[in-house]
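Dear colleague,

Please find the structure below, handed over for your own work.

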Amino acid sequence: MLLGAIEGGGTKFVCGIGTADGEILDRISIPTTTPEATLGNAMDFFAAKEIQAIGIGTFGPIDVNPQSHAYGSVTKTPKPHWSGYRIVEHLKRYFDIPIGFDTDVNTAALGEATWGAAAGLNSCLYMTVGTGIGAGAIVEGRLVHGLTHPEMGHILIRRHPDDSYEGHCPFHKDCLEGLAAGPALEDRWGSKAFELGDTHSAWEIESYYIAQALVNYILILSPEKIIIGGGVMNQSHLFPLIREQVRKLLNGYVQHPAFSDDNDNYIVQPALGGNAGLCGALALAKQALDI
Ligand code: ADP
Ligand code: ZN
């Protein structure tokens with residue numbers, strides 16, 4: 001059986017064909033322009049392929065409530081052309097098959113929980129630190145939704161004493177995303193994030209912010225595994241810094257081997273690498289088919 005997968009990002013839409021075992025057989029990357037052109041190109045890719053369901057994980061905010069009249073659409077976004085666009089309705093015009101729809105980070109969390117670092121666990125949290133920051137959570141075996149969907153990248157955190165940068169978030173200025181996403185790093189330090197050397201003080205500050213977010217997620221959700229992806233996390237030296245800061249901030253309050261000094265198996269890189277989103281979309285397609 002073949003399934004369709006779409007990872008919808010602000011700069012590119014990656015479409016794939018895969019199996020119910022999470023194997024990706026074919027893929028294409030389409031630049032994100034207008035919804036009509038982008039989804040039109042995506043539908044051209046899927047045309048004539050014998051897919052039985054499609055899963056789509058997309059940038060948002062989006063309406064993920066199946067009872068809502070706006071289900072399957074992008075809600076209000078600063079991204080030109082996309083506010084209110086009905087993605088699922090567009091896809092249904094071409095394919096009258098089950099369609100799974102969720103946020104990009106929820107989808108990546110589902111991918112890692114199904115075939116990746118959190119396989120076999122009942123809960124996990126997937127965080128991306130890239131152009132923006134977001135996180136998706138699985139609790140008691142299910143993706144977390146609510147009034148809309150969680151927006152864990154915009155939480156409010158304590159400022160690092162050495163950081164006077166005003167913040168980059170257009171809504172909140174110095175929320176987590178405003179202080180720690182890639183564009184904030186570049187704006188604060190005046191150079192590309194990947195050009196800052198490993199010993200730059202940027203990384204101590206960055207790990208302090210990411211660790212605070214993780215501590216909040218740990219205290220609220222108690223995930224069994226934390227997976228961090230996104231462009232900024234290519235700086236893999238951040239992982240030990242983050243683990244250490246998490247231990248410091250928790251200060252022994254949560255007693256679990258996950259937080260012991262030598263545990264580097266709790267806060268980890270995506271086991272699916274760059275495929276977490278696309279594999280997650282396959283898993284969403286499976287859920288839509290109820291298999
Ligand atoms: P997106 O979030 O748009 O899907 P990415 O996850 O690739 O895309 O994140 C892009 C951000 O990550 C940019 O702000 C970029 O500066 C940053 N980034 C990409 N590669 C690196 C790297 N090697 N080191 C540090 N930052 C990086
Ligand atoms: Zn914000």
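A polar contact is taken here as a pair of N or O atoms within 3.5 Å. The model is a predicted one.

By that criterion, Gln-235 has a polar side-chain atom 2.8 Å from a nitrogen atom of ligand 1. Two further pairs concern oxygen atoms of the ligand: an N or O atom in the side chain of Glu-186 is 2.4 Å from an oxygen atom of ligand 1, and Gly-231 places a backbone N or O atom 2.8 Å from an oxygen atom of ligand 1. On its own, ligand 1 has 560 Å² of accessible area, of which the protein covers 64%.

The shell around ligand 1 also includes Gly-130, Thr-131, Phe-194 and Asn-234, among others. By class, the shell residues comprise four nonpolar, seven polar and one charged.

Turning to helix α2, which spans residues 87–94, the buried residues are Ile-87, Val-88, His-90 and Leu-91. Viewed down the axis of α2, these buried residues fall within an arc of 160°, so they line one face of the helix. Their cover includes the strands β1 (2–8), β4 (51–58) and β5 (99–103), together with helix α1 (35–46).

Lastly, Pro-161 is located in the loop between β8 (142–143) and α4 (176–180). Is Pro-161 buried or exposed? Its relative accessibility is 75%, and exposed means over 50%, so Pro-161 counts as exposed. The C-alpha atom of Pro-161 is 9.1 Å from that of Ile-205, although the two residues are 44 residues apart along the chain.

With kind regards

Definitions and conventions. Residues are numbered from 1 along each chain as its sequence is written. Chains are lettered from A and ligands numbered from 1 in the order in which they are written. This is a predicted model: local features need pLDDT of at least 70, side-chain atom pairs count only at pLDDT 80 or more; totals for chains, interfaces and linings use all residues. Side-chain values use heavy atoms; hydrogens and water are left out. A residue is near a molecule or strand if one of its heavy atoms lies within 4 Å of it. A polar contact is a pair of N or O atoms within 3.5 Å; within protein, one must be able to donate a hydrogen and the other to accept it, and residues adjacent in sequence count only if both atoms are side-chain atoms. Accessible areas come from the Shrake-Rupley method with a 1.4 Å probe; for residues, only the protein chains shown count as cover. Ala, Val, Leu, Ile, Met, Phe, Trp, Tyr, Cys and Pro count as nonpolar, Asp, Glu, Lys and Arg as charged, and the others, Gly among them, as polar. Buried means under 20% relative accessible area, exposed over 50%, partly exposed in between (1.4 Å probe, protein chains only). Helices (H or I, at least four residues) and strands (E, at least two) are DSSP runs, numbered from the N terminus. The arc is that of the directions from the helix axis to the C-beta atoms. Contact means heavy atoms within 4.5 Å.
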